[in-house]
Amino acid sequence: MLIPKPKYLINGNVTQINIEQLKLDNIKAIIFDLDSTIMEPHSAQLNQSVAQFLDLLKPDFKLAVLTNNKNLNYLERVKEVLDLPIIPHARKPAQAGFLKIQSMFDLDPQNILVVGDRPITDIWGGYLVKMPTCLVNPLQIEPKWLTLLRNLERALIKKN
Ligand SMILES: [Mg+2]
């Protein structure tokens, strides 16, 4: 089975998303993946460029984080540096977490963008709930084997 192409394929990390384009496309809220998308895994630190990017979004978009991470002790540390609602243990691509945030936002799915670094969890999940999706590169530099796996996963995306 192939994964539908994301609406936005970013040639860079999350901070390279074009905010003005999102406004033009009537995006009103964003559901972010956590690990590798807005925070380096196991860091519990928000890097300065991501923090600035999130601050730029806050006036115009509702924001939330949906993560498959289920380490609640770690997520408590994340909450100390990330001032956004976080839904843990989402089991993406399962739909429940996306739908919970959608009802919290009280918006139609087409107005909610799903942003993540993994096709088979973030992009596939967003597709299942009919939300537009955005695939980004990971924040951190990875070992070569992990980049290879990532490229294999990306090869599952339809070409058009
Ligand atoms: Mg991730």
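This is a predicted model: local features need pLDDT of at least 70, side-chain atom pairs count only at pLDDT 80 or more; totals for chains, interfaces and linings use all residues.
A residue counts as buried here if 20 or more other C-beta atoms lie within 10 Å of its own, exposed if 12 or fewer, and partly exposed in between, with C-beta atoms placed from the backbone. Residues are numbered from 1 along each chain as its sequence is written.

Now the overall layout. The protein chain has six helices and six strands, taken as DSSP runs numbered from the N terminus (helices are H or I, at least four residues; strands are E, at least two). Along the sequence they go β-α-β-α-β-α-β-α-β-α-β-α. The radius of gyration, taken over C-alpha atoms, is 15 Å, close to the 15 Å from the globule rule for 160 residues, so the chain is as compact as a globular protein of that length. That rule is 2.2 Å times the number of residues to the power 0.38.

On to the strands, where a pair needs at least two DSSP bridges. The table gives two of these pairings.

| Strands | Sense | Bridges | Facing residues |
|---|---|---|---|
| β2 and β3 | parallel | four | Ile30 and Leu63 |
| β3 and β4 (residues 86-87) | parallel | two | Leu66 and Ile87 |

Each pair also belongs to a β-α-β unit. β2, α2 and β3 make a right-handed one, and β3, helix α3 (residues 72-81) and β4 make another right-handed one. Right-handed means that, with the strands pointing away from the viewer, the path from the first strand over the helix to the second runs clockwise.

What about the inside? Beyond its neighbours within four places in sequence, Ile30 is in contact (C-beta atoms, placed from the backbone, within 7 Å) with Leu57, Phe61, Leu63, Leu113 and Val115.

Finally, α5: seven of its 10 residues are buried, so this helix is largely enclosed by the rest of the structure. Trp124 is one of the buried residues, and the cover includes α4, β5, β6 and α6 (144-154). After α5 comes Lys130, with a positive phi near 65°.

How values were computed:
Two residues are in contact if their C-beta atoms, placed from the backbone, lie within 7 Å.
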